[in-house]
Amino acid sequence: MIEPLKILIIEDEALLAMELESLVEEAGHSVVGWATSSSEAKSMVGSTDADIAFVDIHLTDGPTGVEVAEYIGQKKSSVVVFMTANPKRIPDHFAGAVGVIAKPYTMNGLTSALRYLQEGVRRPPPVSTRPAGFTLSPAFEAVWAPPVA
Amino acid sequence: MDWKRTRESADAWHMTDDLHAEHGKGDPFAAAIRATRMSMIITDPRRPDNPIVFANDAFLRLSGYGRGEVIGKNCRFLQGPKTDKAAIAAIRAAIADKTDLAVDILNYRKDGSTFWNALYLSPVSNDKGELQFFFASQLDVSDRKRSEHRITADKDRFEKAVKERTAELEAALEAQTTLLHEVDHRVKNNLQMISSLIIMQSRSIKDEATKRSLKTMLERIEALSTVHRRLYQSKDVSRFDVSDFAKDLVTDLLTASGRSGIKSKLDLEPIVISAEKATPVALMVNELVTNALKHAFKEGPDGTTAGRIGIKMSQPDGHFNIEVSDDGVGMTDASGDASFGMRLIKSLARQLRANIEWHDAGPGTKVVISMPNEPQQKGNVS
């Protein structure tokens with residue numbers, strides 16, 4: 001049994017954050033915080049000890065998700081996974097993030113992504129198949145990519 | 001020919017004396033040069049500063065000077081402040097090198113007005129090859145120069161107009177692309193919210209049948225979500241790669257079922273269909289695969305289920321074929337005609353002008369869908 005993950009949700013849509021929280025908890029992990037804006041997210045990064053931050057690109061104060069990802073990257077407090085319906089807004093270098101879960105994700109797609117990320121964070125590299133709708137950043141592709149296609 | 005007037009000019013006589021040319025006075029060639037409408041002069045490079053020794057009437061008319069004012073002078077009095085320095089240098093070089101020259105040069109009349117002079121200059125040598133004179137003709141080409149300038153100005157204006165219009169169109173395209181991304185973003189977010197609402201609702205429901213209904217509904221909406229996620233990944237939003245979609249869908253449905261004993265066998269040609277067919281095709285494939293997962297396989301005595309679901313996609317000439325097969329219990333309880341799922345499949349088939357057949361595959365069932373698929377050419381969005 002791998003140790004469960006502590007997750008920070010940075011998402012401006014309450015409904016999506018709520019449902020994401022339920023799915024995360026059903027999968028045996030815990031949610032340590034929910035932020036809706038970049039400022040709230042930055043202050044929460046200091047006060048929580050998340051393993052993974054799920055970051056939406058679009059927050060209540062605009063398309064500030066990339067900036068939040070860079071901030072988390074500097075603090076080295078947790079790894080970042082983008083969760084967005086607008087993956088084209090993610091810069092080529094992914095702002096240091098592991099990858100992106102493209103919205104709309106399926107319930108199973110998210111559960112599979114959680115399993116994959118749990119393996120990646122706790123016992124890298126992950127052994128599960130990379131789920132549909134999950135894209136690894138080029139930097140993590142080099143480290144986590146499965147040995148056989 | 002204006003013999004008389006030329007004869008009457010004292011300077012002209014002086015001129016012909018000065019020429020010492022083999023063509024004497026009374027020579028019809030000399031007379032012709034004097035009288036022609038083409039402005040002509042002759043200079044003597046053997047004298048200091050290469051002065052004009054002959055100028056015909058046409059030259060005097062063109063330049064506005066009297067004969068007395070030009071004979072004995074170097075031609076540079078025709079130049080002025082706006083005369084191109086390069087043209088002057090070209091004339092100097094031609095004289096120094098004793099070569100021919102044709103050049104357009106801006107010259108000044110006596111009254112200060114300007115004209116464009118298509119100057120032709122050529123050296124004249126005697127039999128021994130010694131340089132005797134320079135012969136020069138002047139043609140007023142101001143009109144041609146004006147139209148050249150106008151054409152250049154028009155060209156510049158058109159180029160500027162085209163540049164501006166291109167910039168406008170690029171800006172409009174940029175705005176449209178931004179709008180498309182915004183709408184795409186909203187559609188995806190809304191699909192995510194619909195899924196979330198169904199999941200949340202179903203958590204609070206105790207009744208198993210209702211829970212199952214909601215799950216089926218969620219699967220259909222998730223199939224649409226997968227279409228939308230895939231639709232805008234490509235650069236061309238009017239095209240949809242149905243084989244990539246099928247791979248995502250089957251992987252997702254199989255892992256979601258949690259029955260690791262059921263394997264998939266995918267035989268997918270890369271097939272592109274128009275975006276408007278994406279949704280009905282996706283819903284149909286979703287129904288067939290979920291149906292097979294629900295009804296085709298029986299639990300073994302050890303509580304696990306084993307089996308295989310196959311999807312094959314191919315495109316023989318002008319057609320697009322989908323085969324969904326399983327090696328389960330067969331058709332008996334799989335094709336309840338009255339079920340909503342079955343009605344959905346049949347309606348979608350009608351919409352796609354698809355032919356759909358159920359075959360007993362012994363073991364299992366094979367569903368074959370065949371529909372026309374126009375060759376995917378650029379710009380054909382049918």
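## Helix packing in chain B

In this predicted model, helix H8 (residues 208-231) of chain B packs against helix H10 (residues 275-295) of chain B at an angle of about 140°, and their axes lie 9 Å apart. Angles over 145 degrees would count as roughly antiparallel; H8(B) and H10(B) are therefore oblique to each other. The crossing of H8(B) past H10(B) is right-handed.

On the H8(B) side, the contact is formed by B:Glu219, B:Arg220, B:Ala223, B:Leu224, B:Thr226, B:Val227 and B:Leu231. H10(B) contributes B:Ala275, B:Ala278, B:Thr279, B:Ala282, B:Leu283, B:Asn286 and B:Thr290. Classified by residue type, this contact comprises 8 nonpolar, 4 polar and 2 charged residues.

## Interface between chains A and B

Between the two chains, 17 residues of chain A are in contact with 22 residues of chain B. Helix H1 (14-26) and H4 of chain A each provide at least two residues of the side of chain A that touches chain B. H4(A) gives the most to that side, with 4 residues. The side of chain A that touches chain B consists of 7 nonpolar, 6 polar and 4 charged residues.

A:Thr111 belongs to helix H4 (residues 107-122) of chain A. Because A:Thr111 has 18 C-beta neighbours inside 10 Å, this residue counts as partly exposed; the buried class requires 20 or more.

Apart from neighbours within four places in sequence, A:Thr111 is in contact with A:Leu23 and A:Ala27. The C-alpha atoms of A:Thr111 and A:Val24 are separated by 7.8 Å, although the two residues are 87 residues apart along the chain.

Methods. Residues are numbered from 1 along each chain as its sequence is written. Chains are lettered from A and ligands numbered from 1 in the order in which they are written. This is a predicted model: local features need pLDDT of at least 70, side-chain atom pairs count only at pLDDT 80 or more; totals for chains, interfaces and linings use all residues. Axes are lines fitted to C-alpha atoms, for helices over the stretch in contact, and angles run from 0 to 180 degrees between N-to-C directions. Angles under 35 degrees count as roughly parallel, over 145 as roughly antiparallel, 65 to 115 as roughly perpendicular and the rest as oblique. A crossing is left-handed if the near helix is turned anticlockwise from the far one by less than a right angle, and right-handed if clockwise. Two residues are in contact if their C-beta atoms, placed from the backbone, lie within 7 Å. Ala, Val, Leu, Ile, Met, Phe, Trp, Tyr, Cys and Pro count as nonpolar, Asp, Glu, Lys and Arg as charged, and the others, Gly among them, as polar. A residue is buried if 20 or more other C-beta atoms lie within 10 Å of its own, exposed if 12 or fewer, and partly exposed in between; C-beta atoms are placed from the backbone.
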